[in-house]
Amino acid sequence: MKAAERRLELVGIFERQEFADLATLRKRLRAAESTLRRDLLALEKEGVLKRVHGGALAVAAGREPTYDFAWQSGRMSEAKARIARATAALVEDGQVLILDGGSTVAAVARELTSRSLHVLTNSLPIAELLQRARQVELTLTGGTYDPRLGALLGPLA
């Protein structure tokens with residue numbers, strides 16, 4: 001199969017499904033992994049998909065879902081909850097934590113609301129979660145607000 005045919009097939013796959021892993025694409029298109037990586041890179045440059053570890057994500061028209069906090073928050077909630085519980089178990093009372101933005105990190109913050117901690121964050125969703133936590137001392141970074149990420153960014157952050 002020629003590159004143009006493979007790429008058309010890949011576009012079709014990502015129109016029908018949100019995620020495809022490299023192993024599945026390799027079997028389906030009967031192509032080498034290195035060939036598929038080049039194809040995915042080319043399609044990412046065209047805005048068709050976003051390469052992620054192990055495969056690629058479809059990009060909805062006009063938006064980059066990888067960088068959309070609200071969109072990401074609803075995805076894989078069970079896995080995020082497991083990660084959050086395991087992470088929170090590693091945290092000791094009295095520690096100072098820096099929590100970056102992101103939906104998985106926000107799940108961790110939910111697990112920490114009853115703990116005695118000092119949290120620094122650039123994430124407004126995390127700050128909103130922790131503002132009601134009586135035992136958490138909260139520090140927000142400065143920066144420019146990005147509504148897609150729900151985070152403060154830039155040199156001040």
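## Where H6 meets H7

Val105, Ala106, Ala109 and Arg110 in helix H6 meet Ile126, Leu129 and Leu130 in helix H7. By class, this contact of H6 with H7 has six nonpolar residues, no polar ones and one charged one. The model is predicted.

The axes of H6 and H7 come within 9 Å. They cross at roughly 10°. Angles under 35 degrees count as roughly parallel. H6 and H7 are therefore roughly parallel to each other.

## The parallel sheet

Three strands form an open sheet in the order S4-S5-S6, and the pairing is parallel. Strand S4 (96–99) and strand S6 (136–140) stand at the edges. Each has a single partner strand, so one side of each is left without a neighbour in the sheet. From one strand to the next, the twist averages 20°.

How many bridges join S4 to S5? Four bridges do, and the two strands run parallel. Strand S5 covers residues 117–121. Leu99 stands opposite Thr121 in S5. Helix H7 (residues 124–131) packs on this sheet and touches S4, S5 and S6. The direction of H7 makes about 155° with that of S6.

## Ser114, on a loop

Find Ser114 in the loop between helix H6 (103–111) and S5. Is Ser114 buried or exposed? The relative accessible area of Ser114 is 54%. Over 50% counts as exposed, so Ser114 is exposed.

Now compare Ser114 with Ala20. In sequence, the two are 94 residues apart. In space, Ser114 and Ala20 are 38 Å apart, C-alpha to C-alpha.

## The antiparallel sheet

What joins S2 to S3? Four bridges do, and these strands run antiparallel. Leu49 has Ala58 in S3 as its bridge partner. Arg51 stands opposite Ala56 in S3. S2 and S3 form a hairpin with two residues between the strands. In this hairpin, Gly54 takes a positive phi near 90°.

A general point links both sheets. Strands of a sheet pair through backbone hydrogen bonds, either parallel or antiparallel.

## Helices on the antiparallel sheet

Two helices, H2 and H3, come next.

How do the two helices sit against each other? The axes of H2 and H3 come within 10 Å and cross at roughly 105°. Angles of 65 to 115 degrees count as roughly perpendicular. H2 is therefore roughly perpendicular to H3. H2 brings Leu22, Leu25, Arg26 and Leu29 to the contact. H3 brings Glu33, Leu36, Arg37 and Leu40. The contact of H2 with H3 has five nonpolar, no polar and three charged residues.

## Arg30, between H2 and H3

Arg30 lies in the loop between H2 and H3. Its phi is near 50°, a positive value in a residue other than glycine. Arg30 has a relative accessible area of 78%, so this residue is exposed.

## H1 and its cover

Helix H1 spans residues 3–16, which makes 14 residues. From its first C-alpha to its last, H1 reaches 20 Å. That is close to the 20 Å expected at 1.5 Å a residue.

Which residues of H1 are buried? They are Arg6, Leu10, Gly12, Ile13 and Phe14.

Terms used:
Residues numbered from 1 in each chain as written. Predicted model: local features only at pLDDT ≥ 70, side-chain atom pairs only at ≥ 80, totals over all residues. Heavy atoms only, no water. Expected span 1.5 Å × (residues − 1). Buried < 20%, exposed > 50% of the residue type's maximum accessible area, 1.4 Å probe, protein only. Pairing = 2+ DSSP bridges. Axes fitted to C-alpha atoms, helices over the stretch in contact; angles between N-to-C directions. Contact = heavy atoms within 4.5 Å. Parallel < 35°, antiparallel > 145°, perpendicular 65-115°, else oblique. Nonpolar A, V, L, I, M, F, W, Y, C, P; charged D, E, K, R; others polar.
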